[in-house]
Amino acid sequence: MTDESTPADLVLTGGRVHTADARDRVAEAVAVRAGRIARAGTAAEVAPLVGRGTRVVRLAGRSVLPGINDSHLHGVWLGAMWPSLLMDQLAGSGGHAHEAPSRLETSADRRRAILRTSGLLASLGVTSYTEPGLGPGEDGGPSGCFGSAALRDYADLAAEGALKARVTALMLFGELDGRSSAADLEKGLREFVPPPDVPGRFRVAGVKIFADGIPPMRTAWTDRPYADGGHGALLVDGADDGEREAALRAMIGMAHGAGHQIGVHATGDRATRVVADALAAATDRDGRDARHYVIHGDLLSPATLRVLASRRIGLNTQAGIPVATEPMLAAALGEDALRDAWPTRDALDAGVRLSLSSDAPVLTPDWRIGVAAAVTRRGVDGSVRGAAQRLALTEALRAYTITPAWQDGAEHEKGSIEPGKVADLCVLDADLLDLEPDALPTVPVAMTVLDGRVIHELR
């Protein structure tokens with residue numbers, strides 16, 4: 001065991017250290033020893049840990065954050081697509097088409113994509129991410145980005161020490177953005193064996209389920225009618241709405257009963273209400289703290305938010321989506337629908353655990369743009385129709401650090417700068433407290449630290 005007086009390996013001092021601890025304390029310095037946070041406090045409190053072999057970084061007012069945790073990012077797909085982004089393609093094509101990446105046929109193809117993403121994220125200060133949906137349901141998929149072989153590629157790269165991030169993965173037993181069935185999920189849970197965890201680097205945590213599509217495409221399952229009179233439908237197999245809902249509830253019950261965390265893609269107000277109820281019912285059966293969560297949650301009523309909060313069900317959403325698609329949602333469902341759209345402020349006020357993420361390559365993996373969007377809610381046309389849902393800067397930062405760590409069941413290990421936690425850090429080349437939110441995306445990431453090791457540094 002390392003003695004408290006043992007010199008640190010790395011000290012960052014003379015800046016703003018945003019700890020993201022329970023008090024959102026801002027320190028002046030942080031010391032790292034043996035891959036862990038040794039101390040965070042004033043420069044004077046940290047100075048005694050500087051020894052002959054300590055690397056000392058003079059921050060000169062720059063900001064240090066916990067390593068960013070992008071809790072919903074398609075790493076293989078991003079590596080195949082970058083720098084192309086799906087939302088940019090949709091905007092350029094009038095919302096009707098996008099360019100698919102070349103199919104990743106081999107393990108070497110997928111490994112190259114994963115490592116490309118790993119390097120990109122290191123340059124952005126991202127030290128953890130969730131790969132939300134890899135598995136047998138996509139083994140015959142057109143892109144080769146989402147099949148079960150990618151899980152093995154991740155595990156192999158992690159074991160080799162090649163990943164520059166901690167990766168959590170969800171298994172997928174249906175089609176990406178497409179159909180699934182209770183029978184396929186039951187078969188997958190019974191027969192599919194994911195690769196073993198690689199401690200500290202890769203873990204298969206649970207199951208991804210697609211409930212419905214998205215409102216702008218009129219494929220979300222809604223209570224209010226679309227302009228054409230329809231309500232969308234669940235993507236789960238069934239002869240009618242009742243059968244599909246029963247199947248979805250059964251799938252959630254099966255995955256919970258098997259001991260998995262569940263992330264459910266649900267966007268329409270009817271879909272999110274049913275999913276919240278089904279997740280609550282599952283957790284009520286055994287009281288397990290499963291860390292289930294709703295993904296996207298475009299339309300969430302106040303009653304649904306109360307269910308999420310009362311059962312410790314998280315919400316994982318992307319602040320850039322309303323910025324890009326509010327006009328499309330209003331065209332599909334009417335301006336009134338915006339009242340319950342992407343309610344980040346209401347979710348926090350209700351007590352919901354809120355994680356922000358990129359969904360890259362749908363949106364950019366640059367969290368600085370995501371934080372700015374969450375704080376300003378300013379649309380691409382300069383409008384601020386979602387102004388009531390703005391977050392404070394500290395709230396947005398927590399949604400990219402400590403709350404995603406909670407989603408991963410790792411809040412005692414990462415997500416904040418506190419003694420004993422892993423030394424995952426992001427250094428911004430400016431004083432965060434002096435910045436206007438719109439300026440944040442222009443500030444370089446000066447350094448990224450993973451397990452106390454510098455994996456990116458501006459020279």
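This tour moves through one predicted protein model, from the whole chain to single residues.

Residues are numbered from 1 along each chain as its sequence is written, and side-chain values use heavy atoms, with hydrogens and water left out. Since the model is predicted, local features need pLDDT of at least 70 and side-chain atom pairs count only at pLDDT 80 or more, whereas totals for chains, interfaces and linings use all residues.

**The whole chain**

Begin with the complete chain in a cartoon view. The protein chain contains 14 helices and 16 strands; these are DSSP runs numbered from the N terminus, with helices being H or I of at least four residues and strands E of at least two. Its radius of gyration, 22 Å, is close to the 23 Å given by the globule rule for 459 residues, so the chain is as compact as a globular protein of that length. That radius is taken over C-alpha atoms, and the globule rule is 2.2 Å times the number of residues to the power 0.38. Along the principal axes, the C-alpha trace spans about 70 × 50 × 45 Å.

Next, colour the chain by accessibility. Of the 459 residues, 58% count as buried (buried means under 20% relative accessible area, exposed over 50%, partly exposed in between, with a 1.4 Å probe and protein chains only). Contact means heavy atoms within 4.5 Å. Among contacts between residues at least 6 apart in sequence, 72% join residues at least 24 apart.

**The second largest pocket**

Select Arg166, Gly200, Arg201, Arg203 and Ala410, which lie nearest the centre of the second largest pocket among its 17 lining residues. A pocket is found on a 1 Å grid over the protein atoms alone, as an open set of points where a 1.4 Å probe fits, with protein on both sides within 12 Å along at least five of seven lines; lining residues have an atom within 4 Å of a point. About 260 Å³ of space lies in this pocket, the volume being the space filled by probe spheres set on the points, which are joined across faces, edges and corners.

Now highlight strands S8 (166–172) and S9 (202–210), each of which supplies at least two residues of the lining. S8 gives the largest share, three residues. By class, the lining has six nonpolar, three polar and eight charged residues. Here Ala, Val, Leu, Ile, Met, Phe, Trp, Tyr, Cys and Pro count as nonpolar, Asp, Glu, Lys and Arg as charged, and the others, Gly among them, as polar.

**Aromatic pairs**

Show the aromatic side chains. Rings of Phe, Tyr and Trp (its six-membered ring) pair if their centres lie within 6.5 Å; planes under 30 degrees apart count as stacked, over 60 as edge-to-face and the rest as tilted. By this rule there are four aromatic pairs. Tyr129 and Tyr154 form one that is edge-to-face, at 6.4 Å centre to centre and with 65 degrees between the planes. Tyr129 lies in strand S7 (residues 126–134) and Tyr154 in helix H5 (residues 149–159), so the pair ties together parts that are 25 residues apart in sequence. Both Tyr129 and Tyr154 are buried.

Select Phe173 and Phe192 next: this pair is also edge-to-face, with 6.2 Å between the centres and 75 degrees between the planes. Phe173 is in the loop between S8 and helix H6 (182–191), and Phe192 is in the loop between H6 and S9, 19 residues apart. Phe173 is buried at 8% relative accessible area, and Phe192 counts as buried at 17%.

**Backbone details**

Most residues other than glycine have a negative phi, and most peptide bonds are trans. Zoom in on Trp82 and Pro83, which are joined by a cis peptide bond with omega of about 10 degrees. Pro83 sits in the loop between helix H2 (75–81) and helix H3 (86–92). A cis bond also runs from Ala360 to Pro361, with omega near 10 degrees.

Asp24 has a positive phi, near 50 degrees. This residue is in the loop between strand S1 (10–18) and strand S2 (26–33), and Asp24 is partly exposed, at 29%.

**Last stop: Thr219**

Finish at Thr219, in the loop between S9 and H7. Thr219 counts as partly exposed at 33% relative accessibility. Leaving aside neighbours within four places in sequence, Thr219 is in contact with Asp212, Gly213, Ile214, Tyr226 and Ala233.
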